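This report describes the sequence and structure shown below. It moves from an aromatic cluster to helix packing and then to individual residues.

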Amino acid sequence: MADDLFEGLPPPSSITQSQPQLPILSVSTNNNTESSSLLSAPKPILKSSLKRSNPTQSDNSQAAAPKKSLKFKTSTDASETQVIDAMEKISSHIKNPAKFSKAAKLAIQLIEAGSVKSGVSDYFFAILEAAMLSPVSCTDPSVRADYHSLFTAAQNAKEHLNKKQKNQLATWTISAVVANDLYTDDSFVFSKAAGQIKEAISNLPVATEEDDTEEAISLNDGTVMADEGGQTSPNEENNALEEADPFGLDSLIPGSTKKGEKFKGKNDAAMKIRKEEEEETKRFLQLQRKALITCLEIAARRYKTPWCQTVIDILVKHAVDNVARFTAHQRDAVRKLWASILEQQTRRKQGKSVNGKLDVNGFEWLQQKYSTEKISIRHSVGGSGDRRATQWLG
């Protein structure tokens, strides 16, 4: 009895059939059908797993492909015909002050895109020429910044222009860039512009009597007599023939007439080229002198600004020292500017400032201080230049 604990109990199969079926006991029993149905029941699906898609073969192929990035195209591969059409439209609209700003920005975009080349340089130069023929001045406050940006960017394309166009661009740059820099509130930019004007004045040749005569004619008639200089006078033609045949022997030699005509044609072509170069040089100097005078007048009008006074004093004084490089009418203008500045200096020195001292700037103070100083041959080793200096030995 004690050894058999299960004595008197029914067999296990009968117990399982008589008792109610429980899920946990059915797994451990021999009922394979119910246990397999319970085991094959799907597990609850999390919402987070629905958001994540398992990588399939197509997803892997997309992941292996290079990623596409968004890029903006800054340049356009336009044909030469398209560039010419665009430049013609810009040159037609840039004369209008209301459309000048937009047209100037389009021209700058053509320069930055590298569309200005030797084949279209004439059309690009037409844009700049039309801009300078605008009824609004390039120093007008409404278009001042646009002119400055356009002609500053044009410096990057000047290598595609010919000599005459480069000279004209240099003159326009003085009027559109350097002159506009004189209106700035930045002392560094103002000083830099004044330095450029001084350098341009120093590079000018000394004006001749012929320059004064041409200036007088242009002022009286209102036009520059450049076309008349290209014509060859009869005396010059006779002199050329005499140099070609000084002894008059060509008429005695058979076939010498054709050689003489051929030589005359070459000589006339060379003289014409030389005359054109001389006229271009004169025209460039006239325009450059006129632009520099305009810059001096703009600078003189800003003399009431205290921090501009020292730079203007030095600039106009440099122009007075080099006044011979200007023509007669321009020399009078430079002298009048200098006289006006001297008068304003006198007025400032006579007036009193808030602290009771004379109203002088730094340049005038140093000029007054060192005007009475004595400098010895020993480089001021003596206090007053009396040569009684103490020699220090080590």
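## Aromatic cluster

Which residues form one aromatic cluster? The cluster is formed by F100, F125, Y147, F151 and W172, in a predicted model for which local features need pLDDT of at least 70, side-chain atom pairs count only at pLDDT 80 or more, and totals for chains, interfaces and linings use all residues. Residues are numbered from 1 along each chain as its sequence is written, and side-chain values use heavy atoms, with hydrogens and water left out.

A search of the whole structure finds five aromatic pairs, where rings of Phe, Tyr and Trp (the six-membered ring of Trp) pair if their centres lie within 6.5 Å, and where planes under 30 degrees apart count as stacked, over 60 as edge-to-face and the rest as tilted. One of these is the stacked pair of F100 and Y147, with 4.3 Å from centre to centre and 25 degrees between the planes. Because F100 lies in helix 7 (residues 100-112) and Y147 in helix 9 (residues 144-153), this pair ties together parts that are 47 residues apart in sequence; helices (H or I, at least four residues) and strands (E, at least two) are DSSP runs, numbered from the N terminus. F100 and Y147 are both buried, a term that stands for under 20% relative accessible area, with exposed over 50% and partly exposed in between (1.4 Å probe, protein chains only).

Y147 also forms a stacked aromatic pair with F151, at 6.2 Å centre to centre and with 10 degrees between the planes. Both residues of this second pair, Y147 and F151, lie in helix 9, four residues apart, or about one turn of the helix. The relative accessible area of Y147 is 1%, and F151 counts as buried at 0% relative accessibility.

## Packing of helix 8 against helix 10

Two packed helices are described by the angle between their axes and the distance between the axes. The axes of helix 8 (residues 121-132) and helix 10 (residues 163-181) come within 12 Å and cross at roughly 30 degrees, the axes being lines fitted to C-alpha atoms, for helices over the stretch in contact, with angles that run from 0 to 180 degrees between N-to-C directions.

On the helix 8 side, D122, F125, L128, E129 and M132 meet Q165, Q168, L169 and W172 in helix 10, where contact means heavy atoms within 4.5 Å. The residues of this contact divide into five nonpolar, two polar and two charged, with Ala, Val, Leu, Ile, Met, Phe, Trp, Tyr, Cys and Pro counted as nonpolar, Asp, Glu, Lys and Arg as charged, and the others, Gly among them, as polar.

I111 is found in helix 7 and counts as buried at 11% relative accessibility. Leaving out residues up to four places away in sequence, I111 touches V116, F124, A153, A154, N156 and A157. The C-alpha atoms of I111 and N156 are 7.5 Å apart in space, although these residues are 45 residues apart in sequence.

K166 lies in helix 10 and is partly exposed, with a relative accessible area of 37%. Apart from its neighbours within four places in sequence, K166 is in contact with K158, E159 and L161, while its C-alpha atom is separated by 9.5 Å from that of Q155, eleven residues apart along the chain.

## The protein as a whole

The protein has 17 helices and zero strands, and 28% of its 394 residues count as buried. Among contacts between residues at least 6 apart in sequence, 66% join residues at least 24 apart.
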